[in-house]
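I am keeping short notes on what I look up in this model. The entries follow the order in which I went through the topics.

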Amino acid sequence: MMIDETKLTMQVLNQMFAAEYCEYDLVGGKVTGTTDRVIYLSSDLILGIYDALYYETGEAWRLIFNNCGYLWGKWEIGRLKKEFKIRIQQEIEQLSVKDFCNLIESYFSKQGWGKLSISLTDAEQYGIIRVNLKNGLFDANLSQLVTGSVNYMITGLLRAFFENISQNTLGCIETSWQHSGDQHNCDLLISGRARIEALQEQLNNSSVDIEDALGRLRVM
């Protein structure tokens with residue numbers, strides 16, 4: 001990050017994500033942001049994509065969702081950079097790491113992905129970013145249909161976002177999930193790709209306590 005930091009105030013967040021900064025053409029069927037068209041995902045669309053992929057590819061739907069999330073994330077971070085420069089007249093790289101995380105948290109809420117919380121407690125010493133997601137879009141739609149993790153598109157998105165600022169090859173894994181009625185909560189970890197792949201082999205798509213997962217990853 002650059003030394004001359006931009007402060008992520010509520011005014012800046014409103015300029016980036018408030019609804020009034022989009023153009024709504026209901027006759028033409030378009031919602032347009034500063035730089036591109038805005039597309040919203042519905043529950044029916046999520047379920048339809050999952051059903052089609054599972055029918056065609058079986059368990060490979062997980063890899064496809066992850067790859068789609070990664071490609072989408074690379075495109076989205078590029079779009080966010082352009083919008084930040086146009087609306088705020090600053091480079092997104094001028095944000096501190098903490099403020100960048102706050103920006104991503106706000107982005108997730110604005111897009112309807114769920115309530116994201118990012119912790120950097122283990123980042124400096126262990127190279128691990130901890131993420132909590134409440135009431136996620138995929139949890140709400142797929143948790144009754146799928147055994148195990150469902151947030152593969154989210155792991156791809158997060159990997160793309162943090163690769164962009166770290167300039168390192170990363171991995172992201174969902175390590176624990178809890179579902180109670182319409183309330184959903186899950187934990188994810190981001191770190192170097194080799195470490196995440198090793199943890200993935202250990203967990204084998206099973207939910208473990210987040211402190212257990214962190215303990216394993218810290219020594220890899």
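**Entry 1: two loop residues**

I started with N204, which I found in the loop between α8 and α9. The model is a predicted one, so I keep that in mind for every value here, since local features need pLDDT of at least 70. I looked up the backbone of N204: phi is near 50°, a positive value in a residue other than glycine. Is N204 buried or exposed? N204 counts as exposed, because its relative accessibility is 62% and the cut-off for exposed is over 50%.

I then noted Q167, where phi is near 60°, again a positive value in a residue other than glycine. Q167 belongs to the loop between α7 (152-166) and β5 (170-180). With 65% relative accessibility, Q167 counts as exposed.

**Entry 2: the helices on either side of the N204 loop**

I went back to α8 and α9, the helices that the loop with N204 lies between. Two packed helices are described by the angle between their axes and the distance between the axes. Helix α8 covers residues 193-203 and helix α9 covers residues 210-218. I read that their axes come within 10 Å and cross at roughly 130°. The two helices are therefore oblique to each other. I also wrote down the handedness: α8 passes α9 in a right-handed crossing.

**Entry 3: aromatic rings**

I asked how many aromatic pairs a search of the whole structure finds. The search finds 12 aromatic pairs. One of them is W61 with F65, which is edge-to-face, at 5.3 Å centre to centre and 90° between the planes. Both residues are in helix α3 (residues 61-88), and because they are 4 residues apart there, about one helical turn separates them. W61 counts as buried, at 0% relative accessibility. F65 is buried as well, with a relative accessible area of 2%.

F65 also pairs with F138: the ring centres are 5.9 Å apart and the planes are at 70°, so I list this pair as edge-to-face. F65 lies in helix α3 and F138 in helix α6 (residues 137-142), so the pair ties together parts that are 73 residues apart in sequence. I checked F138 too, and F138 is buried, with a relative accessible area of 0%.

I then looked at the aromatic cluster. W61, F65 and F138 are in one cluster, together with Y50, Y54, W72, Y107, F108, W113, Y152 and F161.

**Entry 4: charges over rings**

I looked for charged side chains over aromatic rings and noted two cases. R159 lies over the face of Y70, at 3.7 Å from the ring centre. The charged end of R218 sits over the ring of Y126, and the distance to the ring centre is 5.3 Å.

**Entry 5: cysteines**

How many disulfides does a search of the whole structure find? The search finds 0 disulfides. I looked up two cysteines for their surroundings. C68 counts as partly exposed, at 39% relative accessibility, whereas C101 is buried, with a relative accessible area of 3%.

**Entry 6: K74**

K74 is partly exposed, with a relative accessible area of 47%. I compared sequence and space for K74 and L158: they are 84 residues apart in sequence, and their C-alpha atoms are 9.6 Å apart.

Definitions and conventions: Residues are numbered from 1 along each chain as its sequence is written. This is a predicted model: local features need pLDDT of at least 70, side-chain atom pairs count only at pLDDT 80 or more; totals for chains, interfaces and linings use all residues. Side-chain values use heavy atoms; hydrogens and water are left out. Rings of Phe, Tyr and Trp (its six-membered ring) pair if their centres lie within 6.5 Å; planes under 30 degrees apart count as stacked, over 60 as edge-to-face and the rest as tilted. Buried means under 20% relative accessible area, exposed over 50%, partly exposed in between (1.4 Å probe, protein chains only). A charge sits over a ring if NZ of Lys or CZ of Arg is within 6 Å of the ring centre and within 35 degrees of the ring normal. A disulfide is a pair of cysteine sulfur atoms within 2.5 Å. Axes are lines fitted to C-alpha atoms, for helices over the stretch in contact, and angles run from 0 to 180 degrees between N-to-C directions. Angles under 35 degrees count as roughly parallel, over 145 as roughly antiparallel, 65 to 115 as roughly perpendicular and the rest as oblique. A crossing is left-handed if the near helix is turned anticlockwise from the far one by less than a right angle, and right-handed if clockwise.
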